[in-house]
Amino acid sequence: MPLKTLFLNPPSFENFDGGASSRWPATREIESYWYPVWLAYPAGMLEGSRLLDAPPHHVSAPETIEIAKDYEFLVLFTSTPGWTGDQKLAEAIKNANPKIRIAFVGPPVTTSPDKALNECPVIDFVCRREFDFSVVEYANGKPLDEILGISYRKDGAIAHNPDRPQVEDLDAMPWVTDIYHRDMDVTKYNVPFLLHPYVSLYSTRGCPAQCTFCLWPQTLSGHAWRKRSTDDVAAEMAHAKELFPHVKEYFFDDDTFNIQKARTVELCAKLKPLGLTWSCTSRVTTDRETLKAMREAGCRLLIVGFESGDPQILKNIKKGATVERARDFAKDCHDLGLTIHGDFILGLPGETKESIRNTINFAKGLDVETIQVSIAHAYPGTEFYDFAKENGFIVNNGQMVDEQGHQLAHIEYPGLPKEYVLEMVHRFYDEYYFRPKAAWRVVSKAIINRDVPRLYQEAKSFLKLRSQRNKLVKQSKAQKASEPAATVNAGA
């Protein structure tokens, strides 16, 4: 028997969607949780294991510590904002269960394995990049010095074993939906723009795009695009339909689901007979014919990273897309009846007050159903982080979140105070959603989907956060006004 293993997405800030499948770890404006897909794969390979996704199931730190007493091996998925709390939790688990072995996985320990091991002595080893087989081999008794892709302490120093090749045969991996059914309550997972309840899974790994800010391809999944066979994906979807008859929607949470036309069209032909409602990620470079095939196969919604409405910023971040192409894509989706959830980021390299205005106007012109507006975060390990650090644009000592885990602006450019960027996030939401057309669309959809109570709770949560952030902006402005003149952007 392997070591009795607990795979943990740890408790953290309230409403913190911080790891195991969140590409933008932070406390959400509205309670939202993604599935811990990465942890589900190795959990499916080890008999006697358990996947504990603490945040959506509202499992507290003391409860987690108590649960961990029954296990021999802990695999904890950490994040940059959650690192300090995760470290303290691991220490508490070790105190309660001194014999337990502990491995940390996730982007922070991939980019800074020495830092992680030096700061947290209870960690036995960390896994760099994809960790599926590294933790499984350890649980099955393989010595540390023979496991690829890990870092650990040896003879008073830190040893880094050679990198592990990326997983190529994705069809040989377990079906994550079996682990969801075994260990999780799917009704606990809520994303405002997806039907509830929903289930998410991957059909591919990696992303060939070169976006400078994107965390996962640069730290965890890599740029090499690997795909499951369309037969394997369709078979899991049919299986999931039997496991979860009450689920209203399935979501393909790939880095980029439809980047290859032929494969997408082939998969759609196999999904169509299942009669499922599903959604996915998408790039604006997807052509109309592919979108049509997706719509006919049951696709309802696309999450699309528009990022910015300023052509130069799109070039700066190596988005590989243009404003014009984004408009054509949105028109195709509208014509075909596909819903779009648009993601935008303020504070990317080259941002100015004018470019922020361009992006707000661009978004209103697209007129997609829902939007998310984020503050640019420079995560260690990304090209954006290197750029910001080299140019002295990182402020607040790099602090990304406040005491509740909400995003803080930690990038500041000459002539663009971070308080202004934070303020414009709210202006963006206000201008977008307080248009009569947009407001009615959200309300009418909630009525049609019988989700009015959920909409009410989401509106309350958002307005509460909005008030808190406006107060933060005012305090920050007052503090700056009272300080003596100083050199801008000296930190980092």
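Two strands count as paired here if DSSP finds at least two bridges between them. Helices (H or I, at least four residues) and strands (E, at least two) are themselves DSSP runs, numbered from the N terminus.

## Getting started

Welcome to this structure, a predicted model in which local features need pLDDT of at least 70 and side-chain atom pairs count only at pLDDT 80 or more, while totals for chains, interfaces and linings use all residues. Residues are numbered from 1 along each chain as its sequence is written, and side-chain values use heavy atoms, with hydrogens and water left out.

## Strand β1 and its neighbours

Let us begin with β1, which covers residues 5-9. This strand runs parallel to β5 (residues 73-77), and 4 bridges join the two. Within that pairing, L6 has L74 of β5 as its bridge partner. β1 also pairs with β4 (residues 50-53), again in the parallel sense and over 4 bridges. There, L6 stands opposite R50. Strands of a sheet pair through backbone hydrogen bonds, either parallel or antiparallel.

Is β1 enclosed or open? Buried means under 20% relative accessible area, exposed means over 50%, and partly exposed lies in between (1.4 Å probe, protein chains only). In β1, 5 of the 5 residues are buried, so the strand is largely enclosed by the rest of the structure. T5, F7 and N9 point one way from β1, while L6 and L8 point the other way.

## A parallel sheet and the helices on it

Next comes an open sheet of 6 strands, in the order β10-β13-β14-β15-β16-β17, with parallel pairing. Its edge strands, β10 (198-201) and β17 (370-375), each pair on one side only. From one strand to the next, the twist averages 20°. At the β10 end, β10 and β13 are joined in the parallel sense over 4 bridges, and L201 has F252 in β13 as its bridge partner.

Helices lie against this sheet as well. Helix α10 (residues 230-243) lies across β10 and β13, running at about 150° to β13. Helix α14 packs on the sheet and touches β14 (278-282), β15 and β16 (339-346), and its direction makes about 165° with that of β15. Contact here means heavy atoms within 4.5 Å. For the angles, axes are lines fitted to C-alpha atoms, for helices over the stretch in contact, and angles run from 0 to 180 degrees between N-to-C directions.

## Salt bridges

The structure holds 26 salt bridges, each being a side-chain nitrogen of Lys or Arg within 4 Å of a carboxyl oxygen of Asp or Glu. One of them joins R128 and D163, whose closest N and O atoms are 2.9 Å apart. This pair links distant parts of the chain, 35 residues apart: R128 is in the loop between β7 (125-127) and α7 (132-139), and D163 is in the loop between β9 (157-160) and α8 (176-183). R128 is buried, with a relative accessible area of 12%, whereas D163 is exposed, at 60%.

Another salt bridge connects R300 with E249, with 2.8 Å between the closest N and O atoms. Here R300 sits in strand β15 (residues 299-307) and E249 in strand β13, 51 residues apart. R300 is buried at 16% relative accessible area, and E249 counts as buried at 0%. K319 and E307 also meet in a salt bridge (2.9 Å, N to O). K319 lies in the loop between α13 (311-316) and α14 (323-336), and E307 lies in β15, 12 residues apart. Both are buried, K319 at 10% and E307 at 7%. Elsewhere, salt bridges that share partners join E130, D132, R205 and R226 into one network.

## A look around D255

Our last stop is D255, in the loop between β13 (249-252) and α11 (261-271). Which residues does D255 touch, not counting those up to four places away in sequence? They are R23, G206, C207, W216, S221 and T281. With S221, the side chains make a polar contact at 2.9 Å. A polar contact is a pair of N or O atoms within 3.5 Å; within protein, one must be able to donate a hydrogen and the other to accept it, and residues adjacent in sequence count only if both atoms are side-chain atoms.

R23 is 232 residues from D255 in sequence, yet the two are 9.0 Å apart in space, C-alpha to C-alpha. D255 itself is buried, with a relative accessible area of 17%.
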